[in-house]
Amino acid sequence: MGGRLIVLLTASFLLLLLTTAENDGSSGRDGGDFIGNYGKLSGIIIPGFASTQLRAWSILDCPFSPLDFNPLDLVWLDSTKLLSAVNCWLKCMLLDPYDQTDHPQCKSRPDSGLSAITEIDPGYITGPLSSVWKDWVKWCIEFGIEANAIIAVPYDWRLSPSKLEERDLYFHKLKLTFETALKLRGGPCIVFAHSMGNNVFRYFLEWLKLEIAPKQYIAWLDEHIHAFFAVGAPLLGSIETIKATLSGYTFGLPVSEGTARLMFNSFGSSIWMMPFSKHCRTENAYSKHLSGGSKKAQFAYVCDEHEFQSNFSGWPTNIVNIEIPTIRGNEAYPSFLEVAQANKSDTECGYPTQLSFSAREVSDGTFFKAIADYDPDSKRLMYQLDKSYHGDPVLNPLTPWDRPPLKNIFCIYGIDSKTEVGYYFAPSGKPYPDNWIVTDVIYEIEGSLYSRSGNLVEGNPGAASGDETVPYHSLSWCKNWLGSKVNITRAPQSEHDGSDVQVQLNVEHEPGMDIIPDMKRSPRVKYITYYEDSESLPGKRTAVWELDKANHRNIVRSSVLMRELWLEMWHDTHPDKTSKFVTKATRGPLRDEDCYWDYGKARCALPETCEYRYLFGDVHLGQSCRLKNSSADLLLHYV
């Protein structure tokens, strides 16, 4: 693929890196730049929820099945053993919901290395279906990245953040990974985090504050981390977590929803992505630590006046609407009488009572207390919520993010897909764990709210919708990290000549307010919208990229995203760059795969950069369209 031309492209890039190494870093330098040899940069990948392989660390005989579990056998995910020995498989997956210990008969631990995150269930058929970071790694190889420059940091995604450190010393190891990469390569790291991996990285940054001397904290970050790419980050949580908690979410696996619920609720991480209010915070654990406060003290969860003045905690609608069986007398609600009386409708005694809960009432435990008499999982979830989240001495993850104190931050997510933002639950009449069913779902679709039946729903929809998994309200929180003035550019995702590029410069940005560009859209074109600091903090850069119709789970496999990441990092490496961010004026092909056959014109499309050149083994015309010999010069267009 590409053969000689890829070699030329790689050689030109390496030559550029050598030139940069000799450059003293004085020309074209903007805020947040790394002065040194960019060929020494490393990439650290932090995967998301359920995106790391888990392997058995026990010997487990499975009755009535020819397949047993032996040490290092794949557990997550081995679909063959899941189908043939589901009870054994569950023993290796389940954790004790209180202390997060393994099942007495089987324990699982995360795999290590890049192979742990590229394909979750390797195989001829299952491999492509479970591919996560494989395409990402292929891009790195095609562009000449060294093997020791890409580092995966898998983790046990079943654990709460404090348990990750307590059991596996994960954050100690992550700190050592950054320090080893600096010593090995001679330069800082670029962090790529996806989904819950962003929550893990946030916790690491807070943990680091308590681990090293306060005066050395920022210096350590500047020395070890050049840029942070937050991809599909659930910055204010994800609504789908509620569905997984009450009725189960199967991830497409051949298990029942009840079994999926039983498994999910045994994980300490089941609460990590719960939706929460942007108006509620806890006291600063870092300040309390410096003042000599006890690490085991409970931290107050406090909401400002905006929480009680706004509807739905700032979200588009109430997160949960649930029917509770009602009986005559106050005994029906011994554990939440006041909540029930405040919420119940004017139905007659004996009929179900519908209760509604906002994001704040989910994250502070009010919701779980309200259904505690009707659901056995509620007490276990409240225990984890209080111990591992509200009582965490490092960070309460159920609080809004402030901008991390890093030099370069790129927040990237998909928009305008049909995304769930609220649920209606009712008793199913079946025993636990199938005791709740979803009776209706509220979706956000491109700025409007609809029920599952298609009826328009009142609420507070955002300017766009989310990425099919995380609502726009949560994804777009990182726009608050942008400066007071923002440059906005909207361009087609595909290769283009610049004719459909729209730009707005120095747009005023008010803190806490969304930025909505006044730009046109062609209904047949998928765009990418860039929000980039025009004025920012000294030495800092922040950018937000919104990709139309980019799916949450597949965004890390998007060729458009990988192209933009590569161009941005290549632009940063160039000693003669004249702007803070890479130009958006045009986009051309960078790989042979980007060239294709135009059947209407009977030639290769994009003739300025692509040509027809047959090589043995090509089976169709498109494969014979390749980059021209002079394609190494293409990268110079993006300085």
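**Reading salt bridges and strands**

Me: Both Arg-261 and Asp-377 are buried. Which elements does this pair link?

Reply: Before the answer, keep in mind that this is a predicted model. As for the general idea, side chains of opposite charge can pair when their charged atoms come close. Here, Arg-261 and Asp-377 form a salt bridge, with 3.7 Å between the closest N and O atoms. Arg-261 belongs to helix α12 (residues 257–264) and Asp-377 to helix α18 (residues 377–390), so the pair links distant parts of the chain, 116 residues apart.

Me: How many salt bridges does a search of the whole structure find?

Reply: The search finds 30. One of them joins Glu-420 to Lys-243, the closest N and O atoms being 3.3 Å apart.

Me: Are Glu-420 and Lys-243 buried or exposed?

Reply: A residue counts as buried when its relative accessible area is under 20%. Glu-420 has 11% and is therefore buried; Lys-243, at 14%, is buried too.

Me: Which residues are linked in a network of salt bridges?

Reply: Asp-156, Arg-158, Arg-167 and Asp-168 are linked in such a network. Within this group, Asp-168 forms a salt bridge with Arg-167, and their closest N and O atoms are 2.8 Å apart. Asp-168 is buried at 16% relative accessibility, whereas Arg-167 is partly exposed at 24%.

Me: Now the strands, please. In what order do the nine strands of the open sheet stand?

Reply: Read across the sheet, the order is β5-β1-β6-β7-β12-β19-β18-β16-β17, with mixed pairing. The edges are β5 (150–152) and β17 (502–508); each has a single partner strand, so one side of each has no neighbour in the sheet. On average, neighbouring strands are turned by 15 degrees against each other, direction ignored.

Me: In what sense do β16 and β18 pair?

Reply: Strand β16 (residues 485–492) and strand β18 (residues 527–535) pair in the antiparallel sense, over eight bridges.

Me: Which strands does helix α20 lie across?

Reply: Helix α20 (residues 559–573) lies across β6 (189–194), β7 (225–231), β12 (408–415), β18 and β19 (541–548). For its direction, take β19 as the reference: the helix runs at about 160 degrees to that strand.

Key
Residues numbered from 1 in each chain as written. Predicted model: local features only at pLDDT ≥ 70, side-chain atom pairs only at ≥ 80, totals over all residues. Heavy atoms only, no water. Salt bridge = Lys/Arg side-chain N within 4 Å of Asp/Glu carboxyl O. Buried < 20%, exposed > 50% of the residue type's maximum accessible area, 1.4 Å probe, protein only. Helix = DSSP H or I, 4+ residues; strand = E, 2+ residues; numbered from the N terminus. Pairing = 2+ DSSP bridges. Axes fitted to C-alpha atoms, helices over the stretch in contact; angles between N-to-C directions. Contact = heavy atoms within 4.5 Å.
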